[in-house]
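Q: Please take a close look at one chain of this model. I want to know how its parts pack against each other and against the partner chain.

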Protein chains: 2
Amino acid sequence: MIETRLTERFGLRHPVIQAPMAFAAGGELAAAVTRAGGLGLIGGGYGDADWIGAQFEAAGNQKVGCGFITWSLARQPGLLDQVLARAPAAVFLSFGDPAPFARPVKDAGVPLICQVQTRRDAAHAIDVGADVIVAQGAEAGGHGEARATMTLVPEVADLIAARAPEVLLCAAGGIGDGRGLAASLMLGADGVLVGSRFWASEEALVHPNMLEAAVAATGDDTIRSSVMDIARGLDWPARYTARVLKNDFTDTWHHRLDDLRANAARESARWSAAWKAGDVSVANTFVGEVAAFIDGIEPAAEILERMVAEAEMRMRALTR
Amino acid sequence: MIETRLTERFGLRHPVIQAPMAFAAGGELAAAVTRAGGLGLIGGGYGDADWIGAQFEAAGNQKVGCGFITWSLARQPGLLDQVLARAPAAVFLSFGDPAPFARPVKDAGVPLICQVQTRRDAAHAIDVGADVIVAQGAEAGGHGEARATMTLVPEVADLIAARAPEVLLCAAGGIGDGRGLAASLMLGADGVLVGSRFWASEEALVHPNMLEAAVAATGDDTIRSSVMDIARGLDWPARYTARVLKNDFTDTWHHRLDDLRANAARESARWSAAWKAGDVSVANTFVGEVAAFIDGIEPAAEILERMVAEAEMRMRALTR
């Protein structure tokens, strides 16, 4: 058992939150993580109301939360009410200004988790009243920015200690096993947010070809890029890129973004078809540098329990 | 006391190596770190034979090692003999293929430390016979690459365990206090390499204006770029960039490298004059994301002792 302020405040057995990965994190995954003693979050992503509703149904009676891509939520703010009506375990916001949404979340008595990629945004998250700040490093899979987990976490820990010591802190980015969990606690986190490692679970909604690609990959095989967002016609703010497995598509376009935009119609159709078909040479596999530690696809509960047991063992062994 | 395979093998009191930072890490700093129980390394940098000789003299009777920028050493390999003749505590190679230099180092009975930025290069370092592999993440100050410390260290630890368990592993990049040291040990390292935090010491050879800029900076204020190398006319391989504090010079040129090359003569003169004068708006301050943890300039021994004491305290507190 690893007891932290996060396990106490949220009534968890393990200080581990599962990242609300767009498309991949449905109700089944979120429920599995909650059932196993962590906190599961449905990936509200770009905001498909019916899909989100169905995922809450799929989670059944397990208490799960929901995450949003903040700039996307701002375009259809009604989605937040829909989710709050389900009394979620938490609302998680990342990639945009959480200010407009903080009040309704807190008025509903729901914990507000704000993921940030810079110290500056951590200060803003404190200002808007975040209950938990997730400091996400660039090694993370999917969207993110440039700072590293190794320095962002302790820097935000210092900021919290100075300005709002009651706020909890989780580390995200590059945490795929017990070593990452133990390291995060040393850096000053109360827990961790795990994305890629749960993405590679039996309960996640991921094409088998992409899982296979992740198992085969090392940490050297990923890249942060915007080509997938351009190919999908998504209006991501320029500061955010996404970490994915390198493939023919990134090799072709990563250094030629203007050319890609000029060929957007053709390339967009090609990318989308490949995504559906699981053609990993064109559609990109959204996974972080922890691809190194993905050796197989297991139930989320096994991933979680091994991670915590490993972390405990490691901390004990190193302080004998 | 934190005892690891590194302290045992090298006869150190603390599992901390000071990075051989070009220009900044002279004999005085290296000697101070060795005297305080770590391992100090002179920054052989771009290879000025007279300067390196003078720094070994400045280190006096303290046992210190020497680091080289490998691609630069390849242009004047005679420097290695000069350094080996001084029976250094170690030879440290980074940024290039260590293969041509491994044999003479090992024949001299000197420990070979290879710094790597990818898993692929770690495998090569094992092949050439490295005694210590330093896995350096992108959060590091100065030159480096793209992988993060948080994932590269455990990935290389797994590689070493599988292929050459006698090889030691140090973490580098983003380690500026006891939290970083404790986290690195959890990730599987036998010790750490510390650059930026020792760069901000009384013994380092750094312009006071740059130290002042680092004290004022947060981790958000750095960038990885090539503009400084273009401005200095240095032939760095394209894969390596350097992390520095953002300033007017990076704001102007970072996204216009071809324009910078076209104006190289003028901008090079301007950058070099600013470097000498300590004009931090033009010349760049070489420091990593740990700038966040640089609150003042202290003797290297104090930095080292606090780091180790903090790490010990942290590991104990979290395993109570």
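A: What follows goes from confidence to helix pairs, then to domains and the chain interface.

This is a predicted model. Its scores are ipTM 0.98 and pTM 0.98. Chain A has a mean pLDDT of 97. In chain A, 100% of the residues reach 70 or more.

Start with the helix pair α2(A) and α3(A). Helix α2 of chain A covers residues 27-35, and helix α3 of chain A covers residues 49-59. They pack at an angle of about 35°, and their axes are 7 Å apart. The crossing of α2(A) past α3(A) is right-handed. On the α2(A) side, Gly27(A), Glu28(A) and Ala31(A) make the contact.

Next come α7(A) and α8(A). Helix α7 of chain A spans residues 119-128, and helix α8 of chain A spans residues 149-163. The packing angle is about 35°, with the axes 10 Å apart. Here α7(A) passes α8(A) in a right-handed crossing. From α7(A), the contact uses Arg119(A), Ala122(A), Ala123(A), Ile126(A) and Asp127(A). They meet Leu152(A), Glu155(A), Val156(A), Leu159(A), Ile160(A) and Arg163(A) of α8(A). Sorted by class, the contact of α7(A) with α8(A) holds seven nonpolar, no polar and four charged residues.

Now the domains. Chain A splits into domain 1 (5-203 + 299-319) and domain 2 (208-289). The C-alpha centres of domain 1 and domain 2 of chain A lie 24 Å apart. Across the boundary, 21 residues of domain 1 of chain A are in contact with 20 residues of domain 2 of chain A. About 1800 Å² is buried between domain 1 and domain 2 of chain A. Carbon and sulfur atoms carry 57% of that area. Within domain 1 of chain A, Trp71(A), His143(A) and Trp199(A) lose the most area to domain 2 of chain A. Together they give 36% of what the domain 1 side buries.

Last, the partner chain. In the interface, 38 residues of chain A are in contact with 38 residues of chain B. The area buried between chain A and chain B is about 3100 Å². Carbon and sulfur atoms give 61% of it. On the chain A side, Met150(A), Met186(A) and Asp220(A) lose the most area to chain B. Those three together make up 24% of what chain A buries there.

Methods. Residues numbered from 1 in each chain as written. Chains lettered and ligands numbered in written order. Predicted model: local features only at pLDDT ≥ 70, side-chain atom pairs only at ≥ 80, totals over all residues. Heavy atoms only, no water. Axes fitted to C-alpha atoms, helices over the stretch in contact; angles between N-to-C directions. Helix = DSSP H or I, 4+ residues; strand = E, 2+ residues; numbered from the N terminus. Left-handed = near helix turned anticlockwise from the far one by under 90°. Contact = heavy atoms within 4.5 Å. Nonpolar A, V, L, I, M, F, W, Y, C, P; charged D, E, K, R; others polar. pLDDT = per-residue confidence, 0-100. Domains from an automatic or database assignment. Buried area = accessible area lost by both parts, 1.4 Å probe.
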